[in-house]
Amino acid sequence: MSHAPRTQAQLTLTDLRATAAEGRKLVMVTAYDAPTAGIADAAGVDMILVGDSVGNVCLGFDSTLPVTMAMMRHHLEAVARAHPRAFLMADLPYLSYHLSPADALRNAGSLVRAGAQAVKLEGGRKRLDAIKALLDADIPVMGHLGLTPQSLHAMGGYRVQAKEATQALRLLEEAHALQEVGCFALLLEGIPAELGRRATESLAIPTIGIGAGPHCSGQVLVFHDVLGLIPGSGPKFVRTYLDGFGLLSEALGRWVGDVREGAFPGKAESYMLPDAARAALDAWTPPGSSPEAE
Ligand code: KIV
């Protein structure tokens, strides 16, 4: 099965800015392959993020740290082949933008070549040189502050960030530094809702929240979380709209039962011979078998 060619123009940064300027919420979801991109697009999202959460939800890792550029490109290319209408972004994975601005640019450039219209990277002031290098090559950048999963060990685990006054003020300063350098938007993850509101109200660029309260300019969630594809309870900030795991495994189980009972495949799922070929088959005897005695 292949995917249809592009039928609608893809959303651009200009479209996203217009949506935000009109005060309409931006909606982003992650996707990791052509079918998930197709579903996201059919649902009408503004942005698709090929997130490094691919490591957790598709590749079986327990963090995003093992995700490499090769993995990101592989999944991004699959999403891009679905020709989504949504604005397509990709995460720069751990250590792909930390070594030098030139390295960051090479890696971001390869994501753009694979179909990304923008990239996202984690961190504030420490990342300004890398961000400048990308912007200098006309690669739009979304910043990411608060709970930054690539800093898992430095943060001491996945925990809500910036609950203390000094940390909250530092986050606001970092947010403004990212705006100043030229990020087109800022993802805020795992911070108190009041801080999400303050950041959003004080910035001119849109904020996209995940566990950052309702006041952000937009929201993002992980595809598998929204659709309940992974059993077990997720973070507090997730709202699950479907028992995807339950529904899919129940449906697949019915097929398993049908196969075991001989109910699949039936006539509808089988190819039939034309009459003449069937008659020839009926008249055929296996080599070495004796013709029936008269
Ligand atoms: O990789 C990811 O899923 C993310 C989330 C914050 C959306 O970056």
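**View 1. P265 sits in the loop between helix 11 (244-261) and helix 12 (275-283).** Here the peptide bond running from F264 to P265 is cis, and its omega is near -5°. Helices (H or I, at least four residues) and strands (E, at least two) are DSSP runs, numbered from the N terminus. A quick note on what you're looking at: this is a predicted model, where local features need pLDDT of at least 70, side-chain atom pairs count only at pLDDT 80 or more, and totals for chains, interfaces and linings use all residues. Residues are numbered from 1 along each chain as its sequence is written, and side-chain values use heavy atoms, with hydrogens and water left out.

**View 2. H83 lies in the loop between helix 4 and strand 3 (87-91).** Have a look at its backbone: phi of H83 is near 50°, a positive value in a residue other than glycine.

**View 3. Helix 4 (residues 69-80) packs against helix 5 (residues 101-113).** Two packed helices are described by the angle between their axes and the distance between the axes. For this pair, the angle is about 20° and the axes are 9 Å apart. That makes helix 4 roughly parallel to helix 5. Axes are lines fitted to C-alpha atoms, for helices over the stretch in contact, and angles run from 0 to 180 degrees between N-to-C directions. Under 35 degrees counts as roughly parallel, over 145 as roughly antiparallel, 65 to 115 as roughly perpendicular, and the rest as oblique. From helix 4, M69, M72, R73 and L76 make the contact with N107, S110 and L111 of helix 5 (contact means heavy atoms within 4.5 Å). Sorted by class, that's 4 nonpolar, 2 polar and 1 charged residues. Ala, Val, Leu, Ile, Met, Phe, Trp, Tyr, Cys and Pro count as nonpolar, Asp, Glu, Lys and Arg as charged, and the others, Gly among them, as polar.

**View 4. Helix 5 also meets helix 6 (residues 128-136).** Their axes come within 8 Å and cross at roughly 50°. That makes helix 5 oblique to helix 6. On the helix 5 side you'll find P101, A104, L105 and A108, which meet D129, A130, A133 and L134 in helix 6. This contact has 7 nonpolar residues, no polar ones and 1 charged.

**View 5. Helix 8 (residues 165-181) crosses helix 9 (residues 193-202) at roughly 30°.** The axes come within 10 Å. That makes helix 8 roughly parallel to helix 9. A168, L171, L172 and H176 of helix 8 touch L195, R198, A199 and S202 of helix 9. The contact splits into 5 nonpolar, 2 polar and 1 charged residues.

**View 6. The largest pocket has a volume of about 960 Å³.** Of the 40 residues lining this pocket, E189, D225, P235, F237 and V238 are the closest to its centre. The lining has 17 nonpolar, 14 polar and 9 charged residues. On a 1 Å grid over the protein atoms alone, a cavity is a set of points where a 1.4 Å probe fits but cannot get out, and a pocket is an open set with protein on both sides within 12 Å along at least five of seven lines; lining residues have an atom within 4 Å of a point. Grid points are joined across faces, edges and corners, and a volume is the space filled by probe spheres set on the points.

**View 7. The largest cavity has a volume of about 60 Å³.** Around this cavity are L16, R17, L26, M47, M142, F184, A185, P206 and I208. Its lining has 8 nonpolar residues, no polar ones and 1 charged.
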